[in-house]
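Visitor: Please take me on a close look at the aromatic rings in this model. I would like to know how the rings pair up.

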Amino acid sequence: MGSLSPTRTIRLWGPRSLGVALGVFMTIGFALQLWGGPFQKRLPGVQVQFRKPWTPSPGPALLSCPPRQHLVFLKTHKSGSSSVLSLLHRYGDRHGLRFALPTHYQFGYPRLFQAARVKGYHPQDGGDQSPFHILCHHMRFNLKEVLRVMPSDSFFFSIVRDPAALARSAFSYYKSTSSAFRKAPSLAAFLANPRAFYRPGARGDHYARNLLWFDFGLPFPPEMKNPPPARNPSSAQLRVLPSGSDPRARSPDANALLHPAPTVAQGPSYASFGLGSSSFVQWSLDWLDSVFDLVLVAEYFDESLVLLADALCWGLDDVVGFMHNAQARGQQGLGDTGDGGLTAEDRQLSTRARAWNNLDWALYVHFNHSLWTRIKQYGQSRLQNAVAELRARREALAKHCLVGGEALDPKYITDQRFRPFQFGSGKVLGYVLRSGLSLPDREECERLATPELQYKDKLDAKQFPPTVSLPLKTSRLLSP
(Lines give C-alpha, C1' and ligand atoms only; values in the text may rest on other atoms or scores of the structure.)
Protein backbone atom coordinates (compact mmCIF):
# COMPACT_ATOMS: atom_id res chain seq x y z
CA MET A 1 0.00 0.00 0.00
CA GLY A 2 2.70 2.50 -1.01
CA SER A 3 6.30 2.96 0.04
CA LEU A 4 7.29 2.54 3.66
CA SER A 5 9.22 5.13 5.59
CA PRO A 6 12.88 4.13 6.14
CA THR A 7 12.55 4.71 9.88
CA ARG A 8 9.85 2.13 10.60
CA THR A 9 12.02 -0.99 10.77
CA ILE A 10 11.13 -1.86 14.37
CA ARG A 11 7.52 -2.92 13.77
CA LEU A 12 8.58 -5.71 11.49
CA TRP A 13 11.48 -7.41 13.14
CA GLY A 14 12.05 -6.66 16.77
CA PRO A 15 11.20 -4.94 20.04
CA ARG A 16 11.34 -1.23 20.48
CA SER A 17 14.50 -1.43 22.52
CA LEU A 18 17.24 -2.96 20.40
CA GLY A 19 19.32 -3.51 23.52
CA VAL A 20 16.86 -6.15 24.68
CA ALA A 21 17.38 -8.11 21.49
CA LEU A 22 21.14 -8.48 21.98
CA GLY A 23 20.75 -10.34 25.24
CA VAL A 24 17.83 -12.38 24.03
CA PHE A 25 18.81 -13.61 20.57
CA MET A 26 21.19 -16.21 21.99
CA THR A 27 18.38 -17.58 24.14
CA ILE A 28 15.80 -17.72 21.39
CA GLY A 29 18.09 -18.63 18.51
CA PHE A 30 17.70 -22.35 19.04
CA ALA A 31 13.92 -21.95 19.31
CA LEU A 32 13.76 -20.08 16.02
CA GLN A 33 15.79 -22.81 14.35
CA LEU A 34 13.27 -25.36 15.58
CA TRP A 35 10.36 -23.44 14.06
CA GLY A 36 11.86 -21.93 10.99
CA GLY A 37 8.51 -20.89 9.55
CA PRO A 38 5.89 -19.06 11.60
CA PHE A 39 8.08 -16.53 13.40
CA GLN A 40 10.46 -15.84 10.55
CA LYS A 41 7.57 -15.07 8.23
CA ARG A 42 7.16 -11.88 10.25
CA LEU A 43 10.77 -10.80 9.72
CA PRO A 44 10.73 -9.34 6.18
CA GLY A 45 13.37 -7.06 4.77
CA VAL A 46 11.14 -3.99 4.59
CA GLN A 47 11.18 -1.02 6.90
CA VAL A 48 8.64 0.82 8.97
CA GLN A 49 8.89 3.95 11.07
CA PHE A 50 9.21 4.15 14.83
CA ARG A 51 6.00 4.89 16.66
CA LYS A 52 5.87 8.19 18.44
CA PRO A 53 5.25 7.79 22.18
CA TRP A 54 1.57 8.23 23.00
CA THR A 55 0.62 11.32 24.95
CA PRO A 56 -2.94 11.97 26.14
CA SER A 57 -4.88 14.74 24.46
CA PRO A 58 -5.38 17.88 26.59
CA GLY A 59 -9.18 17.65 26.36
CA PRO A 60 -12.05 17.74 23.87
CA ALA A 61 -12.12 21.52 23.63
CA LEU A 62 -8.46 21.63 22.58
CA LEU A 63 -8.42 18.75 20.12
CA SER A 64 -6.92 19.68 16.78
CA CYS A 65 -5.79 16.28 15.53
CA PRO A 66 -7.46 14.61 12.54
CA PRO A 67 -9.28 11.36 13.34
CA ARG A 68 -7.27 8.21 12.64
CA GLN A 69 -8.93 6.13 9.93
CA HIS A 70 -6.28 3.57 8.99
CA LEU A 71 -6.89 0.88 11.58
CA VAL A 72 -5.75 -2.69 12.19
CA PHE A 73 -7.69 -4.45 14.95
CA LEU A 74 -6.56 -7.94 15.93
CA LYS A 75 -9.86 -9.54 16.89
CA THR A 76 -8.94 -12.07 19.58
CA HIS A 77 -11.35 -14.85 20.53
CA LYS A 78 -13.72 -14.67 23.52
CA SER A 79 -12.31 -11.36 24.75
CA GLY A 80 -15.08 -8.87 24.08
CA SER A 81 -13.69 -8.28 20.60
CA SER A 82 -17.09 -8.54 18.87
CA SER A 83 -18.20 -5.40 20.70
CA VAL A 84 -15.11 -3.56 19.47
CA LEU A 85 -15.73 -4.89 15.97
CA SER A 86 -19.26 -3.44 16.11
CA LEU A 87 -17.80 0.02 16.80
CA LEU A 88 -15.47 -0.27 13.82
CA HIS A 89 -18.25 -1.54 11.54
CA ARG A 90 -20.44 1.38 12.50
CA TYR A 91 -17.72 4.02 12.26
CA GLY A 92 -16.45 2.81 8.89
CA ASP A 93 -19.96 2.42 7.51
CA ARG A 94 -20.95 5.94 8.58
CA HIS A 95 -17.79 7.53 7.15
CA GLY A 96 -17.67 5.56 3.92
CA LEU A 97 -14.39 3.80 4.73
CA ARG A 98 -13.19 0.72 2.87
CA PHE A 99 -12.79 -2.51 4.83
CA ALA A 100 -10.31 -5.27 4.09
CA LEU A 101 -12.86 -8.10 4.19
CA PRO A 102 -12.47 -11.87 4.19
CA THR A 103 -14.20 -13.91 1.51
CA HIS A 104 -16.28 -15.56 4.23
CA TYR A 105 -16.05 -14.42 7.86
CA GLN A 106 -12.45 -15.15 8.86
CA PHE A 107 -9.08 -14.84 7.14
CA GLY A 108 -8.26 -18.53 6.88
CA TYR A 109 -8.09 -18.93 10.66
CA PRO A 110 -6.39 -20.80 12.36
CA ARG A 111 -3.71 -20.43 9.67
CA LEU A 112 -1.58 -17.30 9.71
CA PHE A 113 -3.07 -14.31 7.91
CA GLN A 114 -2.26 -14.01 4.21
CA ALA A 115 -2.91 -10.86 2.18
CA ALA A 116 -4.25 -12.97 -0.68
CA ARG A 117 -7.27 -13.83 1.47
CA VAL A 118 -8.50 -10.22 1.44
CA LYS A 119 -11.39 -9.82 -0.96
CA GLY A 120 -10.57 -7.33 -3.70
CA TYR A 121 -6.83 -7.28 -2.96
CA HIS A 122 -4.96 -7.29 -6.28
CA PRO A 123 -1.29 -6.41 -5.81
CA GLN A 124 -0.74 -6.67 -9.57
CA ASP A 125 -2.86 -3.54 -9.99
CA GLY A 126 -0.11 -1.47 -8.38
CA GLY A 127 -0.99 2.04 -7.25
CA ASP A 128 -4.34 2.05 -9.04
CA GLN A 129 -5.96 0.05 -6.24
CA SER A 130 -8.11 1.92 -3.74
CA PRO A 131 -6.56 1.70 -0.27
CA PHE A 132 -8.15 -0.16 2.61
CA HIS A 133 -8.91 1.78 5.76
CA ILE A 134 -9.85 -0.91 8.29
CA LEU A 135 -8.75 -4.52 8.82
CA CYS A 136 -10.63 -6.01 11.75
CA HIS A 137 -11.98 -9.55 11.25
CA HIS A 138 -10.71 -12.78 12.83
CA MET A 139 -7.21 -13.78 11.84
CA ARG A 140 -4.04 -15.20 13.27
CA PHE A 141 -1.75 -12.21 13.23
CA ASN A 142 1.02 -12.07 10.62
CA LEU A 143 2.57 -8.60 10.46
CA LYS A 144 4.41 -8.96 7.17
CA GLU A 145 1.24 -9.95 5.33
CA VAL A 146 -0.89 -7.33 7.12
CA LEU A 147 1.45 -4.61 5.87
CA ARG A 148 0.98 -5.79 2.32
CA VAL A 149 -2.67 -4.79 2.67
CA MET A 150 -2.71 -1.87 5.10
CA PRO A 151 -0.94 1.52 4.99
CA SER A 152 2.23 1.78 7.04
CA ASP A 153 0.71 4.54 9.19
CA SER A 154 -2.10 2.27 10.42
CA PHE A 155 -3.03 2.26 14.10
CA PHE A 156 -2.61 -1.29 15.47
CA PHE A 157 -4.66 -2.37 18.46
CA SER A 158 -6.16 -5.48 20.06
CA ILE A 159 -7.81 -6.70 23.28
CA VAL A 160 -6.91 -9.26 25.97
CA ARG A 161 -8.89 -10.91 28.74
CA ASP A 162 -8.04 -12.64 32.01
CA PRO A 163 -7.32 -16.27 31.02
CA ALA A 164 -9.51 -17.43 33.91
CA ALA A 165 -12.53 -15.71 32.37
CA LEU A 166 -11.55 -16.66 28.86
CA ALA A 167 -11.24 -20.34 29.79
CA ARG A 168 -14.87 -20.78 30.80
CA SER A 169 -16.17 -18.82 27.84
CA ALA A 170 -13.99 -20.82 25.43
CA PHE A 171 -14.98 -24.14 27.02
CA SER A 172 -18.66 -23.35 26.58
CA TYR A 173 -18.32 -21.94 23.09
CA TYR A 174 -15.79 -24.37 21.57
CA LYS A 175 -16.69 -27.62 23.30
CA SER A 176 -17.83 -29.17 20.03
CA THR A 177 -14.85 -27.76 18.12
CA SER A 178 -11.89 -28.59 20.36
CA SER A 179 -11.12 -32.28 20.80
CA ALA A 180 -9.67 -31.57 24.25
CA PHE A 181 -12.82 -29.80 25.45
CA ARG A 182 -15.09 -32.36 23.82
CA LYS A 183 -13.47 -35.21 25.76
CA ALA A 184 -13.69 -33.39 29.12
CA PRO A 185 -16.95 -33.73 31.09
CA SER A 186 -16.54 -30.24 32.59
CA LEU A 187 -14.12 -27.34 32.75
CA ALA A 188 -13.21 -28.34 36.31
CA ALA A 189 -12.33 -31.86 35.13
CA PHE A 190 -10.30 -30.46 32.26
CA LEU A 191 -8.31 -28.05 34.44
CA ALA A 192 -7.73 -30.70 37.11
CA ASN A 193 -5.74 -32.77 34.60
CA PRO A 194 -5.58 -30.98 31.23
CA ARG A 195 -2.91 -33.24 29.74
CA ALA A 196 -5.33 -36.15 29.97
CA PHE A 197 -7.41 -34.42 27.27
CA TYR A 198 -5.12 -31.98 25.45
CA ARG A 199 -2.89 -32.98 22.56
CA PRO A 200 -0.77 -30.25 20.92
CA GLY A 201 -1.68 -30.01 17.27
CA ALA A 202 -4.96 -31.91 17.60
CA ARG A 203 -7.87 -30.45 15.69
CA GLY A 204 -9.27 -27.36 17.42
CA ASP A 205 -7.01 -27.70 20.46
CA HIS A 206 -5.51 -24.25 19.94
CA TYR A 207 -8.76 -23.09 21.60
CA ALA A 208 -7.89 -25.10 24.70
CA ARG A 209 -4.58 -23.53 25.69
CA ASN A 210 -2.99 -20.07 25.35
CA LEU A 211 -5.56 -18.90 22.81
CA LEU A 212 -4.50 -15.25 23.05
CA TRP A 213 -0.85 -16.10 22.41
CA PHE A 214 -1.94 -18.15 19.40
CA ASP A 215 -4.13 -15.34 18.00
CA PHE A 216 -1.25 -12.87 18.30
CA GLY A 217 0.68 -15.17 15.95
CA LEU A 218 3.50 -15.77 18.41
CA PRO A 219 5.57 -18.96 18.31
CA PHE A 220 5.61 -21.19 21.35
CA PRO A 221 8.73 -21.77 23.47
CA PRO A 222 10.51 -25.05 22.72
CA GLU A 223 9.73 -26.51 26.14
CA MET A 224 6.00 -26.21 25.40
CA LYS A 225 6.38 -29.25 23.14
CA ASN A 226 7.38 -31.32 26.17
CA PRO A 227 6.52 -28.98 29.04
CA PRO A 228 7.05 -29.50 32.76
CA PRO A 229 3.98 -29.15 34.97
CA ALA A 230 2.97 -25.49 35.03
CA ARG A 231 3.19 -23.81 38.41
CA ASN A 232 0.23 -21.88 39.75
CA PRO A 233 0.72 -18.14 39.29
CA SER A 234 0.09 -16.18 42.45
CA SER A 235 -3.31 -14.52 42.25
CA ALA A 236 -1.92 -11.81 44.52
CA GLN A 237 0.28 -10.58 41.68
CA LEU A 238 -2.61 -8.95 39.87
CA ARG A 239 -6.04 -7.86 40.99
CA VAL A 240 -8.82 -7.74 38.42
CA LEU A 241 -12.01 -5.72 38.61
CA PRO A 242 -14.93 -5.87 36.21
CA SER A 243 -15.58 -2.85 34.05
CA GLY A 244 -18.24 -0.78 35.71
CA SER A 245 -17.19 -1.33 39.31
CA ASP A 246 -15.95 1.46 41.52
CA PRO A 247 -12.57 0.41 42.91
CA ARG A 248 -12.61 3.08 45.57
CA ALA A 249 -15.73 1.52 47.04
CA ARG A 250 -14.05 -1.88 47.16
CA SER A 251 -10.87 -0.92 48.97
CA PRO A 252 -9.59 1.96 51.10
CA ASP A 253 -6.42 1.91 48.98
CA ALA A 254 -7.54 2.46 45.41
CA ASN A 255 -4.03 2.26 43.99
CA ALA A 256 -3.45 -1.16 45.53
CA LEU A 257 -6.54 -2.45 43.76
CA LEU A 258 -6.28 -0.62 40.47
CA HIS A 259 -2.66 -1.32 39.66
CA PRO A 260 -0.59 -4.49 39.43
CA ALA A 261 1.45 -5.29 42.51
CA PRO A 262 5.04 -3.99 42.59
CA THR A 263 6.44 -7.38 41.57
CA VAL A 264 4.47 -7.12 38.34
CA ALA A 265 5.22 -3.45 37.83
CA GLN A 266 8.96 -4.21 38.05
CA GLY A 267 8.60 -7.07 35.57
CA PRO A 268 6.58 -10.28 35.83
CA SER A 269 8.21 -13.27 37.45
CA TYR A 270 8.04 -15.77 34.62
CA ALA A 271 9.00 -18.59 36.97
CA SER A 272 5.44 -18.30 38.23
CA PHE A 273 4.22 -19.14 34.74
CA GLY A 274 6.19 -22.37 34.60
CA LEU A 275 8.22 -20.97 31.68
CA GLY A 276 11.85 -21.76 31.33
CA SER A 277 12.59 -19.30 28.52
CA SER A 278 11.64 -16.16 30.39
CA SER A 279 13.79 -14.08 28.03
CA PHE A 280 11.91 -15.57 25.08
CA VAL A 281 8.60 -14.51 26.60
CA GLN A 282 9.92 -11.04 27.40
CA TRP A 283 11.24 -10.66 23.87
CA SER A 284 7.83 -11.60 22.49
CA LEU A 285 6.10 -9.04 24.73
CA ASP A 286 8.58 -6.34 23.76
CA TRP A 287 7.96 -7.15 20.11
CA LEU A 288 4.20 -6.79 20.62
CA ASP A 289 4.81 -3.44 22.32
CA SER A 290 6.68 -2.28 19.21
CA VAL A 291 3.85 -3.34 16.91
CA PHE A 292 0.63 -2.50 18.77
CA ASP A 293 -0.21 1.10 19.58
CA LEU A 294 -2.78 0.06 22.21
CA VAL A 295 -4.05 -3.17 23.76
CA LEU A 296 -7.44 -2.98 25.47
CA VAL A 297 -8.29 -5.03 28.57
CA ALA A 298 -11.71 -6.67 28.65
CA GLU A 299 -12.10 -6.33 32.42
CA TYR A 300 -11.68 -2.56 32.00
CA PHE A 301 -13.67 -2.33 28.79
CA ASP A 302 -15.11 1.16 29.18
CA GLU A 303 -11.83 2.58 30.45
CA SER A 304 -10.13 1.04 27.42
CA LEU A 305 -12.69 2.58 25.05
CA VAL A 306 -12.04 6.05 26.44
CA LEU A 307 -8.31 5.61 25.86
CA LEU A 308 -9.02 4.26 22.37
CA ALA A 309 -11.15 7.28 21.48
CA ASP A 310 -8.41 9.57 22.75
CA ALA A 311 -5.67 7.77 20.82
CA LEU A 312 -7.71 7.84 17.60
CA CYS A 313 -8.87 11.43 18.08
CA TRP A 314 -12.47 10.22 17.97
CA GLY A 315 -15.40 11.51 19.98
CA LEU A 316 -17.02 9.48 22.75
CA ASP A 317 -20.06 8.90 20.53
CA ASP A 318 -17.80 6.98 18.16
CA VAL A 319 -17.03 4.39 20.83
CA VAL A 320 -20.49 4.16 22.42
CA GLY A 321 -22.03 0.82 21.53
CA PHE A 322 -23.81 -2.30 22.74
CA MET A 323 -22.19 -5.53 23.83
CA HIS A 324 -22.17 -8.21 21.14
CA ASN A 325 -21.71 -11.99 21.20
CA ALA A 326 -22.29 -12.02 24.96
CA GLN A 327 -23.59 -15.20 26.56
CA ALA A 328 -26.52 -15.29 28.95
CA ARG A 329 -25.85 -14.69 32.62
CA GLY A 330 -24.53 -17.73 34.43
CA GLN A 331 -22.51 -18.70 31.34
CA GLN A 332 -19.90 -15.98 31.64
CA GLY A 333 -16.28 -16.54 32.42
CA LEU A 334 -14.34 -17.02 35.59
CA GLY A 335 -12.90 -13.75 36.72
CA ASP A 336 -15.75 -11.62 35.35
CA THR A 337 -16.61 -10.46 38.84
CA GLY A 338 -13.08 -10.29 40.17
CA ASP A 339 -11.52 -12.99 42.32
CA GLY A 340 -12.98 -11.44 45.46
CA GLY A 341 -16.52 -12.33 44.37
CA LEU A 342 -15.80 -15.98 43.58
CA THR A 343 -16.31 -19.08 45.68
CA ALA A 344 -13.27 -21.01 46.92
CA GLU A 345 -13.87 -23.58 44.18
CA ASP A 346 -14.03 -20.92 41.47
CA ARG A 347 -10.88 -19.27 42.81
CA GLN A 348 -9.12 -22.62 42.53
CA LEU A 349 -10.36 -22.99 38.95
CA SER A 350 -9.15 -19.46 38.17
CA THR A 351 -5.70 -20.30 39.50
CA ARG A 352 -5.57 -23.51 37.48
CA ALA A 353 -6.82 -21.77 34.33
CA ARG A 354 -4.12 -19.10 34.61
CA ALA A 355 -1.43 -21.72 35.25
CA TRP A 356 -2.50 -23.85 32.29
CA ASN A 357 -2.73 -20.77 30.04
CA ASN A 358 0.60 -19.46 31.31
CA LEU A 359 1.59 -17.57 28.17
CA ASP A 360 -1.80 -15.86 28.07
CA TRP A 361 -1.36 -14.93 31.71
CA ALA A 362 2.00 -13.35 30.83
CA LEU A 363 0.27 -11.38 28.07
CA TYR A 364 -2.52 -10.33 30.37
CA VAL A 365 -0.27 -9.17 33.21
CA HIS A 366 1.88 -7.23 30.77
CA PHE A 367 -0.97 -5.41 29.04
CA ASN A 368 -2.91 -4.87 32.26
CA HIS A 369 0.10 -3.04 33.58
CA SER A 370 0.62 -1.02 30.39
CA LEU A 371 -3.07 -0.02 30.39
CA TRP A 372 -2.82 1.38 33.91
CA THR A 373 0.39 3.18 33.08
CA ARG A 374 -1.54 4.82 30.27
CA ILE A 375 -4.47 5.62 32.57
CA LYS A 376 -2.09 7.34 34.96
CA GLN A 377 -0.82 9.49 32.08
CA TYR A 378 -4.39 10.28 31.02
CA GLY A 379 -5.46 11.14 34.57
CA GLN A 380 -7.68 8.93 36.73
CA SER A 381 -10.14 11.67 37.64
CA ARG A 382 -10.47 12.68 34.00
CA LEU A 383 -10.91 9.04 33.03
CA GLN A 384 -13.64 8.45 35.61
CA ASN A 385 -15.60 11.41 34.27
CA ALA A 386 -15.26 10.20 30.69
CA VAL A 387 -16.29 6.64 31.62
CA ALA A 388 -19.37 7.95 33.46
CA GLU A 389 -20.33 9.98 30.39
CA LEU A 390 -19.77 6.99 28.10
CA ARG A 391 -22.03 4.77 30.22
CA ALA A 392 -24.73 7.43 30.46
CA ARG A 393 -24.78 7.76 26.67
CA ARG A 394 -24.91 3.97 26.23
CA GLU A 395 -27.79 3.67 28.68
CA ALA A 396 -29.70 6.46 26.93
CA LEU A 397 -29.20 4.79 23.54
CA ALA A 398 -30.33 1.43 24.91
CA LYS A 399 -33.53 2.93 26.32
CA HIS A 400 -34.21 4.76 23.08
CA CYS A 401 -33.39 1.93 20.65
CA LEU A 402 -34.14 -1.37 22.35
CA VAL A 403 -37.15 -3.29 23.58
CA GLY A 404 -36.53 -3.66 27.31
CA GLY A 405 -33.45 -1.46 27.06
CA GLU A 406 -31.11 -4.46 27.12
CA ALA A 407 -29.94 -7.64 25.39
CA LEU A 408 -32.53 -10.42 25.08
CA ASP A 409 -32.64 -14.19 24.77
CA PRO A 410 -32.41 -15.16 21.08
CA LYS A 411 -35.86 -16.79 21.22
CA TYR A 412 -37.36 -13.29 21.28
CA ILE A 413 -35.45 -12.14 18.18
CA THR A 414 -37.51 -12.97 15.10
CA ASP A 415 -35.85 -10.50 12.72
CA GLN A 416 -32.93 -12.45 11.27
CA ARG A 417 -31.01 -9.23 10.62
CA PHE A 418 -30.52 -8.90 14.38
CA ARG A 419 -30.40 -12.52 15.54
CA PRO A 420 -26.82 -13.38 16.49
CA PHE A 421 -25.22 -16.59 15.29
CA GLN A 422 -25.80 -19.33 17.88
CA PHE A 423 -22.81 -21.56 18.51
CA GLY A 424 -21.65 -23.65 21.43
CA SER A 425 -23.67 -24.63 24.49
CA GLY A 426 -24.54 -21.10 25.66
CA LYS A 427 -27.19 -18.74 24.38
CA VAL A 428 -25.77 -15.71 22.59
CA LEU A 429 -27.87 -12.65 23.38
CA GLY A 430 -29.08 -10.08 20.88
CA TYR A 431 -31.35 -7.08 20.44
CA VAL A 432 -34.88 -6.18 19.35
CA LEU A 433 -35.52 -2.63 18.15
CA ARG A 434 -38.39 -0.55 19.46
CA SER A 435 -41.14 0.36 17.06
CA GLY A 436 -42.01 3.93 16.19
CA LEU A 437 -38.44 5.15 15.68
CA SER A 438 -37.88 7.92 13.17
CA LEU A 439 -36.03 6.89 10.01
CA PRO A 440 -32.68 8.48 11.01
CA ASP A 441 -32.94 7.03 14.54
CA ARG A 442 -33.85 3.61 13.19
CA GLU A 443 -30.86 3.60 10.87
CA GLU A 444 -28.51 4.41 13.74
CA CYS A 445 -30.17 1.92 16.08
CA GLU A 446 -29.84 -0.75 13.40
CA ARG A 447 -26.11 -0.05 13.19
CA LEU A 448 -25.85 -0.46 16.95
CA ALA A 449 -27.85 -3.70 17.09
CA THR A 450 -26.62 -5.56 13.98
CA PRO A 451 -24.48 -8.62 14.88
CA GLU A 452 -21.03 -8.99 13.38
CA LEU A 453 -21.84 -11.59 10.71
CA GLN A 454 -24.80 -9.70 9.33
CA TYR A 455 -22.86 -6.42 9.42
CA LYS A 456 -19.97 -8.01 7.55
CA ASP A 457 -22.43 -9.15 4.86
CA LYS A 458 -23.85 -5.62 4.69
CA LEU A 459 -20.39 -4.11 4.21
CA ASP A 460 -19.53 -6.78 1.66
CA ALA A 461 -22.62 -5.95 -0.42
CA LYS A 462 -21.81 -2.24 -0.16
CA GLN A 463 -18.20 -2.64 -1.33
CA PHE A 464 -18.86 -5.39 -3.85
CA PRO A 465 -22.38 -4.82 -5.19
CA PRO A 466 -23.64 -7.85 -7.09
CA THR A 467 -23.44 -7.45 -10.83
CA VAL A 468 -26.59 -7.99 -12.85
CA SER A 469 -25.83 -10.61 -15.47
CA LEU A 470 -27.43 -10.35 -18.88
CA PRO A 471 -29.74 -13.18 -19.99
CA LEU A 472 -27.86 -15.89 -21.84
CA LYS A 473 -28.68 -16.42 -25.49
CA THR A 474 -30.48 -19.63 -26.40
CA SER A 475 -27.57 -20.74 -28.55
CA ARG A 476 -25.24 -20.54 -25.56
CA LEU A 477 -27.64 -22.47 -23.36
CA LEU A 478 -27.83 -25.25 -25.92
CA SER A 479 -24.15 -25.38 -26.82
CA PRO A 480 -22.03 -28.14 -25.23
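Guide: Here is a walk through the ring pairs.

This is a predicted model, where local features need pLDDT of at least 70, side-chain atom pairs count only at pLDDT 80 or more, and totals for chains, interfaces and linings use all residues. Residues are numbered from 1 along each chain as its sequence is written, and side-chain values use heavy atoms, with hydrogens and water left out.

A pair of aromatic rings is described by the distance of the centres and the angle of the planes. Rings of Phe, Tyr and Trp (its six-membered ring) pair if their centres lie within 6.5 Å. Planes under 30 degrees apart count as stacked, over 60 as edge-to-face and the rest as tilted.

The whole structure holds 21 aromatic pairs. One of them joins Tyr173 and Tyr174. Their centres are 5.0 Å apart, with 80° between the planes, and the pair is edge-to-face.

Now take Phe190 and Trp356. Their ring centres lie 6.1 Å apart and their planes meet at 85°, so this pair is edge-to-face. It links distant parts of the chain. Phe190 is in helix H7 (residues 187-192) and Trp356 in helix H14 (residues 344-356), 166 residues apart. Helices here are DSSP runs (H or I, at least four residues), numbered from the N terminus. Both Phe190 and Trp356 are buried.

These two rings also belong to a cluster. Ring pairs link Phe190 and Trp356 with Phe171, Phe181, Phe197 and Tyr198.

Conventions. Helix = DSSP H or I, 4+ residues; strand = E, 2+ residues; numbered from the N terminus. Buried < 20%, exposed > 50% of the residue type's maximum accessible area, 1.4 Å probe, protein only.
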